[in-house]
Amino acid sequence: MALRNAVMAALLEGEASGYDLAKGFEASVANFWMATPQQLYRELERMEGEGLVSARVVQQERRPNKRLFSLTEAGRRVLRAFVTEGPAKPLAIRDELMVKVQCVDIGDTDDIDAVRTAVAERVERSAAKLARYLRMRERMLAGRTEDEHLASADRIGPYLTLQGGIALERGNLQWGETVLKRLAQRVAVLGGPAPAHPDEPGPPHT
C-alpha cells in the first residue's frame with residue numbers, strides 16, 4: 001500500500017494542514033501506518049500535483065500562513081478503487097526485538113538481562129500507547145456505548161482501526177510481561193544474580 005492511501009484516508013476526516021496530518025498520524029494512524037512529517041509533506045506535494053488533493057492558503061497574523069489540504073473527487077475515486085481492489089497484502093513483520101529474544105540463549109545471564117532490558121522498554125512503550133489509545137476511545141465515544149457510537153456515527157472506520165491498535169498493544173503487553181517472567185525464571189535456574197529489572201505487573205488490560 002502506498003503512503004498516499006493512508007494520507008487520503010486521514011483526509012476523510014476533513015481538510016488539514018501538513019502539520020495537522022503529521023500530528024494525526026502520530027496520535028492515531030501510527031497504529032497501522034508509520035510516516036515521518038517529511039514523508040507526509042513530500043507526499044502531499046506529489047498528490048497535489050496529481051490532482052488527488054487540493055490546497056488553500058490560510059492567512060495568519062504573527063505566524064506563517066498555512067496550507068490546508070482536502071481530498072478532491074479524483075482522490076476519492078482513487079481511494080475507492082484501493083478499497084475495492086483485491087485482498088490486502090499479508091502483514092510483513094520485521095521485529096528486531098523478536099530476533100534478540102530468539103537468540104537469548106546464546107550466552108550467559110548477562111545476555112539474558114540485556115534482552116530483559118529491551119523487553120521491559122517495549123512493555124513501557126506499549127503501556128503508554130495503550131493508555132493514549134484508551135483516552136482516544138473515550139473521547140470518540142463521548143459518553144455513549146460502543147453500540148450507540150457505531151450505530152450513529154458518520155464514520156466507523158476510525159473507531160475500528162483504533163480498536164485494532166488497542167488489541168495490538170494489549171497483546172504486546174501480555175507477551176512482554178510473560179517474557180519478562182520467563183526470563184527471570186531462566187536466570188534463577190542458571191544460578192545467576194537476581195534480575196536487575198523486578199517483574200512488576202503491567203497496567204490492567206481493560
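In which helix does V83 lie? V83 lies in helix α4, and the sections below place this helix in the predicted model.

## Basis of the values

This is a predicted model, in which local features need pLDDT of at least 70, side-chain atom pairs count only at pLDDT 80 or more, and totals for chains, interfaces and linings use all residues. Residues are numbered from 1 along each chain as its sequence is written, and side-chain values use heavy atoms, with hydrogens and water left out.

## Overall architecture

The protein chain has eight helices and three strands. Here helices (H or I, at least four residues) and strands (E, at least two) are DSSP runs, numbered from the N terminus. Along the sequence their order is α-β-α-α-β-β-α-α-α-α-α.

Of the 206 residues in the protein chain, 30% are buried; buried means under 20% relative accessible area, exposed over 50%, and partly exposed in between (1.4 Å probe, protein chains only). The chain exposes about 13300 Å², with carbon and sulfur atoms supplying 55% of this area. Accessible areas come from the Shrake-Rupley method with a 1.4 Å probe, and for residues only the protein chains shown count as cover. Among contacts (heavy atoms within 4.5 Å) with a separation of 6 or more, 64% join residues 24 or more positions apart.

## Helix α1 against α3

Two packed helices are described by the angle between their axes and the distance between the axes. The axes of helix α1 (residues 3-11) and α3 come within 10 Å and cross at roughly 85°. Axes are lines fitted to C-alpha atoms, for helices over the stretch in contact, and angles run from 0 to 180 degrees between N-to-C directions. The two helices are therefore roughly perpendicular to each other, given that angles under 35 degrees count as roughly parallel, over 145 as roughly antiparallel, 65 to 115 as roughly perpendicular and the rest as oblique.

On the α1 side, L3, R4, V7 and M8 meet Q39, L40, E43, L44, R46 and M47 of α3. This contact has six nonpolar, one polar and three charged residues. Ala, Val, Leu, Ile, Met, Phe, Trp, Tyr, Cys and Pro count as nonpolar, Asp, Glu, Lys and Arg as charged, and the others, Gly among them, as polar. E43 belongs to helix α3 (residues 37-49) and counts as buried because its relative accessibility is 6%. Leaving aside residues up to four places away in sequence, E43 touches L3 and R4.

## Helix α1 against α4

The axes of α1 and helix α4 (residues 73-84) come within 10 Å and cross at roughly 115°, which makes α1 roughly perpendicular to α4. From α1, N5, M8 and A9 meet G75, V78, L79 and F82 in α4. By class, the residues of this contact are five nonpolar, two polar and no charged.

V83 is exposed because its relative accessibility is 61%. V83 and N5 are 78 residues apart in sequence, with their C-alpha atoms 9.4 Å apart in space.

D110 is found in helix α6 (residues 109-141) and is exposed, with a relative accessible area of 57%. Its C-alpha is 9.2 Å from that of V187, at a sequence separation of 77 residues.

R62 has a phi near 65°, a positive value in a residue other than glycine. R62 sits in the loop between β2 (53-58) and β3 (66-71) and is exposed at 83% relative accessibility. A142 is not a glycine either, and has a positive phi of about 50°. A142 is found in the loop between α6 and α7 (146-152), where it is exposed with a relative accessible area of 57%.
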